[in-house]
Amino acid sequence: MTQRILAVVGMPGSGKGEVTTYLENFHNYSKVYFGGVTLDTLNEAGLEVNEENERKMRENLRAEHGMAVYAKLSLPKIQKYLEEGKNTVIDGLYSWEELKFLRENVNDLRVIAVIASRNIRYERLSKRPIRPLTLEQVISRDNSQIENLNQGGPISYADHYIQNEFSIPELHNSINKILGIKRRPSWDNYFMNVANVISTRGTCDRKYVGAVIVDPKHQILTTGYNGSISGQPHCSQVGHKMVNDHCVRTIHAEENALLQAAKVGVSLEGGILYSTASPCWNCFRGIARVGIKRIVFGEMYRDKEIKDNADNCGIELVDFSKLPSDKLWEVD
Ligand SMILES: [Zn+2]
Ligand SMILES: [Zn+2]
């Protein structure tokens, strides 16, 4: 296969960094980081690296050397990687001018745009562990990137689009599709996808949760979603039934999966439970009681108490969102 040259573009918080990292770590891409030019120039000038200085430096460099400056300064590195036969990913391409320059100077450049809605991006940026941004800073940065850095062009003119509003495994899957790679999901990944589909049947919109219980041989035993008692009205029809800030109209997904086993007479001993959210204490007690030995959850929900008790109950607790790629996909 001939080497590829990809540029990943997207607004702040869209997740383009995650895409680049995945290409580097999992597909062995070599990265050319345009932002490195800003950091190098700030360091040379003895200026502190921060949001404000970086922005000023980006704008200054472009005012002085033209909007394609980053692409021009990074071109030798890109060419070197391509000559060495390396798959290469460009991180930090912003302006329309940079894209035009690269398209004129690099063969077969393909642009991947990573998109996510504003609210999701803002939430990510305010919660990121390194240099979180206030809402004011995010809006100012968005405006600056569109108005001063001409970032809209490359995003609207990409070869591929990834909507990154879901889970990391789904993001990785989208990347693999673009690369033309078919990967088989691991069992954990496969059953978490099943649990996600099951959650769509939930009847309380305060939280849609899906659960599936399988045996150690990967056979599905029972499933459940958070729903009203069979035949009884849904929250969407009669409203929630609130007690202590929780809606108690529905039976939780995990409990429904346990109850289905009782109804049809299936042993859950030694089983594995997949749930899109971590079980509450109430469900956890039932899960432990029926002899389930492993719980894989999609997101940590309330009741961290289960963490303190899982060991004692001989249950392995697995946070799906923290699984590394080699646990999500079968390695070919
Ligand atoms: Zn409800
Ligand atoms: Zn529960």
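In this model, helix α4 (residues 69-83) and helix α5 (residues 96-105) have axes that come within 8 Å and cross at roughly 35 degrees. The model is predicted: local features need pLDDT of at least 70, side-chain atom pairs count only at pLDDT 80 or more, and totals for chains, interfaces and linings use all residues. Residues are numbered from 1 along each chain as its sequence is written, while chains are lettered from A and ligands numbered from 1 in the order in which they are written.

**Terms**
- Helices (H or I, at least four residues) and strands (E, at least two) are DSSP runs, numbered from the N terminus.
- Axes are lines fitted to C-alpha atoms, for helices over the stretch in contact, and angles run from 0 to 180 degrees between N-to-C directions.

**The helix pair**
- α4 passes α5 in a right-handed crossing (the near helix is turned clockwise from the far one by less than a right angle).
- Tyr70, Ala71, Lys72 and Leu75 of α4 meet Glu98, Phe101, Leu102 and Asn105 of α5; contact requires C-beta atoms, placed from the backbone, within 7 Å.

**The sheet**
- Five strands form an open sheet in the order β2-β3-β1-β4-β5, with parallel pairing (strands pair if DSSP finds at least two bridges between them).
- β2 (30-33) and β5 (160-163) are at the edges with a single partner strand each, so one side of each has no neighbour in the sheet.
- From one strand to the next, the twist averages 25 degrees.
- Strand β1 (residues 5-9) pairs with strand β3 (residues 88-91) in the parallel sense over 4 bridges.
- Valine 8 has aspartate 91 in β3 as its bridge partner.
- Helix α1 (residues 16-27) packs on the sheet, touching β1, β2, β3, β4 (109-115) and β5.
- The direction of α1 makes about 155 degrees with that of β1.

Technical notes. Two residues are in contact if their C-beta atoms, placed from the backbone, lie within 7 Å.
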